[in-house]
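Please examine the model shown below.

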Amino acid sequence: MLPQTLAGFLYTSYSRGHRHHFASVSGSAAPFDPSLPYLQPSKYKDMALVDACNGLLLYRGSNKNKVAPWDWAEDDCHFVVCNPATARWVELPPKPAAPEIRYSLTAALAFDPAVSSHFHVLHFEEDYLANYMTGVSIYSSRTGAWSCGDSGMVEKVPPYFRSKCVFVGGIMYVIGKLQHINTGNEYVLVGVDVEGKEWKTTRVPYCSRFCTIGLSQGCLHYAVANNEIPVPQITLWCLKDCDSKEFVLKHTASMDRLLSMTRMKYKVVEIHPDCDTIFLVSYGGATLAAYDMRHQKVGCILNLEKSTKRFLSYVPLFSEPLADADGQ
């Protein structure tokens, strides 16, 4: 019943199907079987890890054999929310058919046990031809149904490919990419509430494929590893509250020490929920390293499975039942 801290990271590798793994920050065994035997393969032939939020996990299940991680047909897409600490789960009903809508690969789980035992799942919609966010489909465990919300943004913003989503203060955030003919790409943080009514954008100070966002110390944080300058560096930024218009720089650190220890290049994949420590994965995904931005120290370095995808931090949740689980 006591508040839990970071246990480790869920991640997947892919070889004709998703394989699920757990990397512990303490070196201990995984707190649950990451292969989720009560769901796979008894119920689904393949499951992809989509998101994690305050102890709950969101998966996309399929009854077809996949040949690639992006090979998901909309009519064979089953979202499942589960609490692995209690082995309770619920399958969401299918979304209403909408032939004119293309659903992106970006879906997210919104859950805050301090506010309610109910959760929301957000699945972002895109214009079928122009490739930008037009709205979001939202499932509420309170109503047991899907609803739709149109985008309130003036700008046409596509979600950044495989961007991570973060739920903070009732708002779901995702990184989007603006495409300008004259100035090239510009990145923004898109925020939408769980009713799909309030939309907003915040400029990101610097973005590349080596960045991530995360919830840390109650605030949204943004970290990026810049490998494209003569002296590679890591920067950590913070959005103080939901009304903030810009990020505040917290720390800047050189990557020289980490690079000299491992002789590898890294990208940022996670931010510690309780302190200014970031987690980086090497190119190729075989090594996970922790770096304390405040004290400029390299922490634990873990070996991982090869061809890793989708890193998500996991903090166990034992105190709350899963809404809508219906005894499962």
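Predicted model: local features only at pLDDT ≥ 70, side-chain atom pairs only at ≥ 80, totals over all residues.

An open sheet is built from 4 strands, arranged in the order 15-16-17-18 with antiparallel pairing. Strand 15 (211-216) and strand 18 (248-254) are at its edges; each has a single partner strand, so one side of each is left without a neighbour in the sheet. From one strand to the next, the twist averages 20°.

Within this sheet, strand 16 (residues 219-226) runs antiparallel to strand 17 (residues 233-239), and 7 bridges join the two. A223 has L236 of strand 17 as its bridge partner.

Another open sheet contains 4 strands in the order 19-20-21-22, and its pairing is antiparallel. The edge positions belong to strand 19 (266-271) and strand 22 (297-303); because each has a single partner strand, one side of each lacks a neighbour in the sheet. Neighbouring strands here are turned against each other by 30° on average, with direction ignored.

Strand 20 (residues 277-282) and strand 21 (residues 287-292) run antiparallel and are joined by 5 bridges. The bridge partner of T277 in strand 21 is D292.

In soluble globular proteins, nonpolar side chains tend to be buried together. The largest nonpolar core of the model comprises 37 residues, and V81, F119 and V121 have the most contacts inside it. Strand 7 (residues 102-111) supplies the largest share of this core, with 5 residues.

Another core lies apart from the largest one and has 17 residues, including L10, C82, L312 and Y314.

Methods: Residues numbered from 1 in each chain as written. Heavy atoms only, no water. Pairing = 2+ DSSP bridges. Axes fitted to C-alpha atoms, helices over the stretch in contact; angles between N-to-C directions. Core = buried A, V, L, I, M, F, W, Y, C linked by side-chain atoms within 4.5 Å. Buried < 20%, exposed > 50% of the residue type's maximum accessible area, 1.4 Å probe, protein only.
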